[in-house]
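Colleague: I have a structure open and would like to learn how to read it feature by feature. Could you take me through it slowly?

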Amino acid sequence: MNNTAIRKYAFNVPSTIGIEAKSLDFLWEKAPMTEKIHRAGFYHLIWVEKGKLSLMVDFEELRLQDNDAFLISPGQICNFNLQSHPQGFSVLFVPEFLGEASSDAQLIHRIFSVNPLEHKIISLRGLPISNLMQQLIHELQSEADEYQLVVARSCLRILLAEVARRLPQTTANPNKLVRRFFEEVEKHHHQWHNVSDYLPLLSAPEKLLSESVRLTTGMTPKIYLDQRRVLEAKRFLAYSELSVKEIAFSLGFDETTNFCKFFRKHTKISPNEFRLVQTRKQ
């Protein structure tokens, strides 16, 4: 297997406000990093102005083309296919950069929380995104003053709002309870596997949670928990050298056989079969 572990990258630029904007050229400049499987600790908003860009995000191949945008969230596993070289921009920012205002949190949650396990490419055709990106880059390259944070946040808010408003309206927007459930699942999914584990934190009856999550995602909270657990199992199997037994215990299974049954139930193949398929792809 090529990777002993999934490489993690933190936000590490000389920025005191937690945001960086740059052209897509940096993907090629940092090819030893971006071409390999990695996990970032920050948001990465990608906009392809002209051309095509392929990347893998959590086992799904995505192809962006003219005017497409995509937002990678902290913790997602990805790598870039650099065979083509499109024009475009990237905005990298830490979770703390936005979120002070409730409207900021709602933008992020709107993009991810309709179903955080899905990947959405959004077309921004017809919008002056290039001008907005250039303004953001200019602001971040200028000498810092008391207005820099305000301008940078405003640019990013516009970008995220345009992405959010173009999401398919096939399900209901997540309410505060559903957003909190998704957040707690990300924090505790390694050790909490039952809906009842989350109810004390959410201070909500199970029936209300079930109705809210089903309305938003089309699945029950338990199914969502299981799907999140399967995703983490796939990540371990594909990108680590942990044994199946070690993966089972890390995900809270008392017996390896129970993990194998669980994995096969949700994927139709065994953990070893999945690992073999992923090894051949690498």
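This is a predicted model: local features need pLDDT of at least 70, side-chain atom pairs count only at pLDDT 80 or more; totals for chains, interfaces and linings use all residues.

Colleague: Which residues of H4 are buried?

Modeller: Buried means under 20% relative accessible area, exposed means over 50%, and partly exposed lies in between, with a 1.4 Å probe and protein chains only. In H4 the buried residues are Ile129, Ser130, Leu132, Met133, Leu136, Ile137 and Glu139. For the protein chain as a whole, buried residues make up 49% of the 282 residues.

Colleague: What span should helix H4 have?

Modeller: The expected span of a helix is 1.5 Å times one less than its number of residues. Helix H4 (residues 129-141) has 13 residues and should therefore span 18 Å, which agrees with the 18 Å between its end C-alpha atoms.

Colleague: How many helices and strands does the protein chain have?

Modeller: The secondary structure comes to twelve helices and ten strands. Of the contacts in the protein chain with a separation of 6 or more, 75% are between residues 24 or more positions apart. For a distance between C-alpha atoms, take Leu237 and Thr279, which are 42 residues apart along the chain and have their C-alpha atoms separated by 9.3 Å. Leu237 is found in helix H9, and its relative accessibility of 0% is why Leu237 counts as buried.

Colleague: How many aromatic pairs does a search of the whole structure find?

Modeller: Rings of Phe, Tyr and Trp (its six-membered ring) pair if their centres lie within 6.5 Å, and planes under 30 degrees apart count as stacked, over 60 as edge-to-face and the rest as tilted. The search finds 13 aromatic pairs. In one of them, the rings of Phe59 and Tyr239 have centres 5.5 Å apart and planes at 10°, so this pair is stacked. The pair links distant parts of the chain, since Phe59 is in the loop between strand E5 (53-57) and strand E6 (60-64) and Tyr239 is in helix H9 (residues 221-239), 180 residues apart.

Colleague: Which charged residue lies over the face of Phe253?

Modeller: A charge sits over a ring if NZ of Lys or CZ of Arg is within 6 Å of the ring centre and within 35 degrees of the ring normal. Arg229 lies over the face of Phe253, at 3.8 Å from the ring centre, and Lys22 lies over the face of Phe26, at 4.6 Å.

Colleague: How many salt bridges does the structure hold?

Modeller: Side chains of opposite charge can pair when their charged atoms come close. A salt bridge is a side-chain nitrogen of Lys or Arg within 4 Å of a carboxyl oxygen of Asp or Glu, and the structure holds twelve. Among them, Arg235 pairs with Asp58, the closest N and O atoms being 2.7 Å apart. This pair links distant parts of the chain, with Arg235 in helix H9 and Asp58 in the loop between E5 and E6, 177 residues apart, and both residues are buried.

Colleague: How far apart are Glu184 and Lys187 in helix H6?

Modeller: Glu184 and Lys187 are three residues apart in helix H6 (residues 176-188), which means that about one helical turn separates them. Their side chains meet in a salt bridge (3.8 Å, N to O). Glu184 counts as buried at 4% relative accessibility, whereas Lys187 is exposed, with a relative accessible area of 56%. Elsewhere, salt bridges that share partners join Asp58, Glu186, Arg228, Glu232 and Arg235 into one network.

Terms used:
Residues are numbered from 1 along each chain as its sequence is written. Side-chain values use heavy atoms; hydrogens and water are left out. Helices (H or I, at least four residues) and strands (E, at least two) are DSSP runs, numbered from the N terminus. Contact means heavy atoms within 4.5 Å.
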